[in-house]
Amino acid sequence: MADAPPVPRPAGMTARSLLPPAALYGFVLLLVLVFALSYAAGSAAGPVAPGMHGTSGPGGGGGGDDPSGTDGGMEDMPGMRHGSGE
């Protein structure tokens, strides 16, 4: 059986088929705009809790800067047992 000659495509169709759809460009642009606006709003608002610091100390056990030694004041939460089996 003889092979049929390939059907020639217009030059514009091959380049156009390789590009993503226009809606994808719009979606990516919208994402960039939303993230830029949220970053600007967060920068304008400032830190939520300026006095908050990380909980891991030199020993990795949550040393922190709590002078009372209660590791966060959980004693004022009735019913919290901290998994100690009490």
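The protein exposes about 8,000 Å² of accessible area (Shrake-Rupley method, 1.4 Å probe; for residues, only the protein chains shown count as cover), and carbon and sulfur atoms supply 67% of this area. The model is predicted: local features need pLDDT of at least 70 and side-chain atom pairs count only at pLDDT 80 or more, while totals for chains, interfaces and linings use all residues. Residues are numbered from 1 along each chain as its sequence is written, and side-chain values use heavy atoms, with hydrogens and water left out.

The average pLDDT, the predictor's confidence in each residue from 0 to 100, is 73, and 51% of the residues score at least 70. Over residues 60–64 the pLDDT is below 50, and this stretch has seven contacts in the model beyond near neighbours in sequence (contact: heavy atoms within 4.5 Å).

Of the 86 residues in the protein, 1% are buried, that is, under 20% relative accessible area; exposed denotes over 50%, and partly exposed the range in between (1.4 Å probe, protein chains only). The secondary structure comprises two helices and zero strands, taken as DSSP runs numbered from the N terminus (helices H or I, at least four residues; strands E, at least two).

Helix α2 has 24 residues and spans 35 Å from its first C-alpha to its last, close to the expected 34 Å (1.5 Å times one less than its number of residues). Just after α2, G46 adopts a positive phi of about 85°. F27 lies in α2, which covers residues 22–45, and is partly exposed at a relative accessible area of 47%.
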